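Here are a few friendly notes to read alongside the model.

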Amino acid sequence: MKRFLLVGVALAALLAGPLQASAADKLLNASYDVARELFAAENAAFLAKNPGLSVDQSHAGTSKQARAIVEGLEADVVTFNQVTDIEFLVKNGFVSDDWKKDFANQASPFYSLPSFLVRAGNPKGIKDWSDLVRDDVKVIFPNPKTSGNARYTYLAATAYAKEAFKGDEAKVKEFVTKLFDNVPVFDTGGRAATTTFVERNIGDVLITFEAETRSIAKEYGSDKVESVIPSVSLLAEFPVAIVDKVVDKRGSRDLAKSYLDFLYTAEGQRIAAQHGNRVHEPAIAAEFKDQFPEVRLVTVEDVFGGWDKVQKEHFGSGGLLEEIYGER
Amino acid sequence: MSAPVKGRPPRVGDAPAFRRALIGVVLTLVAIVIIAPLVIIGYQAFSQGLKVYAEAIAHPDTLHAIGLTVITALIAVPINTAFGVAAAWAITKFDFWGRRFLLVVIEIPFSISPIVAGVAYLFVYGLQGLFGPALESADIKILFALPGIVLASMFVTAPFVARELIPLMQAQGRDLEEAATSLGASGWRTFFFVTLPNIRWALLYGVVLCNARVMGEFGAVSVVSGNIRGQTNTLPLHIELLYHDYQTSGAFAAASILALLAVVTLVAKVLLERHGAGRARRRPALAAPVAAAKTASAEVSS
């Protein structure tokens, strides 16, 4: 009996622990899964300016994060890599409708784009999307059904084809189908696709976020791979938002706002750029312009008419992606 | 069968070639399936040198993950052990309505995928779930905190102890306990001096399995953890995170710690077994209560 009592007391103490600590000098940032190093650096810089505070980090796929927040994960702010996952929070009443207006640049402090990583020396001479449908080129990217990263790839390739074929739907579909035919293996996530490309040595080009290519080169050695930026790509936003329901409960709105504001300061932007993300702040963008060659970016809004439409026409059941993927 | 070898119908395993082939296949499979991955973990963990390994382990997040995993095991394993013993005792020593049903229910976690368990906990304790709003208004945090992690681990490992004990206790029957009771021993006394000595190895084995699984559980915990670094990231979750972060050496360093925890558990079990077995041989007195009870029961029944 005593043992149970002790366990009960221990449990109660552990329960009470987090409650007492939830004064508004603490922040929880729910973020995407490969942003650990970026936010470790951002948080350190933010805390150096704001002593006495602390920022906790939660990292996972952002769909999982959004679901966890709806089920009670008390994240004050979200820093995601998918707009649709913040929309899920809006639908459930955790984030306000006009969150995109709360911060500059559609509430996206930095951005990236689907970009190419080829083997050192670029033996196949891959320069642009049109090279990816050549018969002698094998392309690696994950399964768009399970990976947000690959959805961007799919959309970027479609956007390129729409321009190249002046909106001829049949030709666009043919192009994207050809691209998919050149993929020897669809992994479930970006990390697995990277392993397939670099460690298993399959394929001639890996398509992933430009921001990712930096850490891949760092992990596997920059003598093995090199980055190729296509002529045109799709703007991939990294949206941030305050989770209203949580900050109102915890009284942490000011803190949450100042944290997200920090990401827009010169210092916050420089750290983002150092971790491979493109930034809007002109001075910092100029500072890193060698690292980020110019590229023309199109947006989901301009090409596809917004994420809702993309979801319906491309990713939903019976959508274009299913048709193309199913034809394999 | 002392018939001469000649003329005897051939039996499986007679031919030396077959024996060798069978042993060869088993050893090869063990090497490929079990040994090779373990060796790779060790190799990868130290591939960048001892210093990188030590730094990876000493990282506060990794240390916390180790601590959280150990705390989870320290809470979940004793509770599940008590539950397992109680359940096995109830099922094998008593007759009651719903006994068979209980037997089936206890085994459910074996056949359910852990991820289903995790999602089920979301539906019960989540904000949109059954008890979520009530817990929220009482300001009690279950999910995305330690209690959720412990609960999920307990669900997954609930059958381990009971499953080890039930077949043994069924085989041993109720005679000894009935005898002890008839001689005036209290319930606790009967348990500690009659039942426990008979089931201790099965119990120990169940505890070891339960512990190993609690420490290694990924699926269910992944759903209810919230993945907060330095707060709710258990060691298996931390390993996945490091791996996805291109921190290969860090991931393998953490994996080596998890593997080490498992090995320590197993070694502890082997040592205990040896120690216990030796004691039993040297001091037959330990077996005496059983013998005494047996005689007593014989006397009672005659």
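How many bridges join strand β1 of chain A to strand β2 of chain A, and do they run parallel or antiparallel?

1. Strands β1 (residues 26-31) and β2 (residues 54-59) of chain A run parallel and are joined by 6 bridges. Pairing here requires at least two DSSP bridges between the strands; helices (H or I, at least four residues) and strands (E, at least two) are DSSP runs, numbered from the N terminus. Within this pair, A:Asn29 stands opposite A:Gln57 in β2(A).

2. Between β1(A) and β2(A) the chain passes through helix α2 (residues 36-49) of chain A, giving a right-handed β-α-β crossover. Right-handed means that, with the strands pointing away from the viewer, the path from the first strand over the helix to the second runs clockwise.

3. Please keep in mind that this is a predicted model, where local features need pLDDT of at least 70, side-chain atom pairs count only at pLDDT 80 or more, and totals for chains, interfaces and linings use all residues. Residues are numbered from 1 along each chain as its sequence is written, while chains are lettered from A and ligands numbered from 1 in the order in which they are written.

4. Now the contact between chains A and B: 27 residues come from chain A and 27 residues from chain B, counted where C-beta atoms, placed from the backbone, lie within 7 Å. On the chain A side, α1(A) gives the most, with 8 residues.

5. In chain B, residues 66-89 are 100% helix and 0% strand, with the end C-alpha atoms 34 Å apart. Residues 101-124 of chain B are 92% helix and 0% strand, and there the end C-alpha atoms are 23 Å apart.

Methods. Contact = placed C-beta atoms within 7 Å.
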